[in-house]
Amino acid sequence: MKLLGALLAVSLTCASALPCTGFLVVGNGRVLFGNNEDYWNPETRVWFVPAVGDRHGVMYLGFDNGFPQGGMNDAGLAFDGFATGSNPMTEQKGKRVFRGNPISEAMETCSTVAEVVAFLEDVDLTPLLTRAMLFFADESGDSVIIEGDTFLRKE
């Protein structure tokens with residue numbers, strides 16, 4: 001009976017948390033990036049934005065609202081987003097308000113994590129990251145996790 005109660009408690013906790021998972025493994029000349037989306041919406045989507053001019057082609061993953069939850073571009077840059085609890089953010093004074101989706105802009109214009117960081121450090125991320133975080137990785141194995149207004153670079 002105790003085991004049944006423990007299993008029930010764990011299942012209820014997991015169901016309400018809706019945790020996503022992401023990983024990056026680098027070694028032996030390979031870079032592996034993976035993720036999953038644990039969410040209640042069964043209307044999943046995969047869509048493609050073709051390369052045009054100097055903009056990268058991107059494969060996006062998400063749901064029927066069209067907001068990308070993850071993806072990879074033709075330069076080998078990948079990302080995933082994760083829902084979180086509240087992320088307190090410092091005032092974004094001096095940072096520009098980006099019209100549109102800065103994640104899509106990063107994926108369509110950047111080839112490396114360094115380029116993503118340079119682009120997003122100048123953008124007010126308050127609308128996106130008060131209850132979420134982002135994980136970017138590139139084909140070299142470099143990565144960054146962006147939590148609130150903190151950029152955690154791979155060491």
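Predicted model: local features only at pLDDT ≥ 70, side-chain atom pairs only at ≥ 80, totals over all residues.
Local features were taken at pLDDT of at least 70 and side-chain atom pairs at pLDDT 80 or more, while totals for chains, interfaces and linings use all residues. Residues are numbered from 1 along each chain as its sequence is written, and side-chain values use heavy atoms, with hydrogens and water left out.

The protein contains 4 helices and 9 strands, assigned as DSSP runs numbered from the N terminus (helices, H or I, at least four residues; strands, E, at least two). Their order from the N terminus is α-β-β-β-β-β-β-α-α-α-β-β-β. Of contacts (heavy atoms within 4.5 Å) with a separation of 6 or more, 52% are between residues 24 or more positions apart. The accessible surface, computed by the Shrake-Rupley method with a 1.4 Å probe, is about 9300 Å², and carbon and sulfur atoms contribute 59% of this area. Among the 155 residues, 34% are buried (under 20% relative accessible area; exposed is over 50%, partly exposed in between; 1.4 Å probe, protein chains only).

There are 4 aromatic pairs in the structure. Such a pair requires ring centres of Phe, Tyr or Trp (its six-membered ring) within 6.5 Å; planes under 30 degrees apart count as stacked, over 60 as edge-to-face and the rest as tilted. One of the pairs, phenylalanine 33 with phenylalanine 135, is tilted, with 5.1 Å centre to centre and 40° between the planes. Phenylalanine 33 belongs to strand S2 (residues 30-36) and phenylalanine 135 to strand S7 (residues 132-137), so the pair ties together parts 102 residues apart in sequence. Phenylalanine 33 is partly exposed at 22% relative accessible area, whereas phenylalanine 135 is buried at 9%.

Side chains of opposite charge can pair when their charged atoms come close. The model has 5 salt bridges (a side-chain nitrogen of Lys or Arg within 4 Å of a carboxyl oxygen of Asp or Glu). Glutamate 105 and arginine 55 form one of them, with the closest N and O atoms 3.0 Å apart. Glutamate 105 lies in helix H2 (residues 102-109) and arginine 55 in the loop between strands S3 (44-49) and S4 (58-63), so this pair ties together parts 50 residues apart in sequence. Arg55, Glu105 and Glu108 are linked in a salt-bridge network. Arginine 96 pairs with aspartate 122 at 3.4 Å between the closest N and O atoms. Arginine 96 is partly exposed at 36% relative accessibility, as is aspartate 122 at 37%.
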